[in-house]
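Work through these exercises with the model open. Try each task before reading its solution.

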Amino acid sequence: MDKGSITCRLNILLAEKRMTVAELHKITGVSRTLLYLMYRDDLQRIDIGSLAELCHFFDCKVEDIFIYKK
């Protein structure tokens, strides 16, 4: 049974703001390692506090950062 997949859109959000992962790390304090994993869409899990910080920074919802596809 295919459970679908979750895709991270951090690379798109950063491109829209013309920012780098390093700049986002400096502004938000979110772990650079976590941000790079998200940027490469190679993430296995995420801390809720980090996710909340990113939603606050981008002024978006969780579903704007992660997309679930069946």
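**Exercise 1.** Find which residues of H2 meet which residues of H4 in this predicted model, then classify the angle between H2 and H4.

*Solution.* 
- Start with the contacts. On the H2 side, take Leu 24, Ile 27 and Thr 28. Their partners in H4 are Glu 53, Leu 54, Phe 57 and Phe 58.
- Next, the axes. Those of H2 and H4 (residues 48–58) come within 11 Å. They cross at roughly 100°.
- Now classify. Angles of 65 to 115 degrees count as roughly perpendicular. H2 and H4 are therefore roughly perpendicular to each other.

**Exercise 2.** Search the whole structure for aromatic pairs and describe the geometry of Phe 57 and Phe 58.

*Solution.* 
- The search of the whole structure gives one aromatic pair. Phe 57 and Phe 58 form this pair, with 5.0 Å centre to centre and 85° between the planes.
- Planes over 60 degrees apart count as edge-to-face, and the Phe 57–Phe 58 pair is edge-to-face.
- Phe 57 has a relative accessible area of 21%, so Phe 57 is partly exposed. Phe 58, at 11%, is buried. The cut-off for buried is under 20%.
- Look at the face of Phe 57. Lys 17 lies over this face, 5.3 Å from the ring centre.

Terms used: Residues numbered from 1 in each chain as written. Predicted model: local features only at pLDDT ≥ 70, side-chain atom pairs only at ≥ 80, totals over all residues. Heavy atoms only, no water. Phe/Tyr/Trp six-rings, centres within 6.5 Å; stacked < 30°, edge-to-face > 60°. Buried < 20%, exposed > 50% of the residue type's maximum accessible area, 1.4 Å probe, protein only. Lys NZ or Arg CZ within 6 Å of the ring centre and 35° of its normal. Axes fitted to C-alpha atoms, helices over the stretch in contact; angles between N-to-C directions. Helix = DSSP H or I, 4+ residues; strand = E, 2+ residues; numbered from the N terminus. Parallel < 35°, antiparallel > 145°, perpendicular 65-115°, else oblique. Contact = heavy atoms within 4.5 Å.
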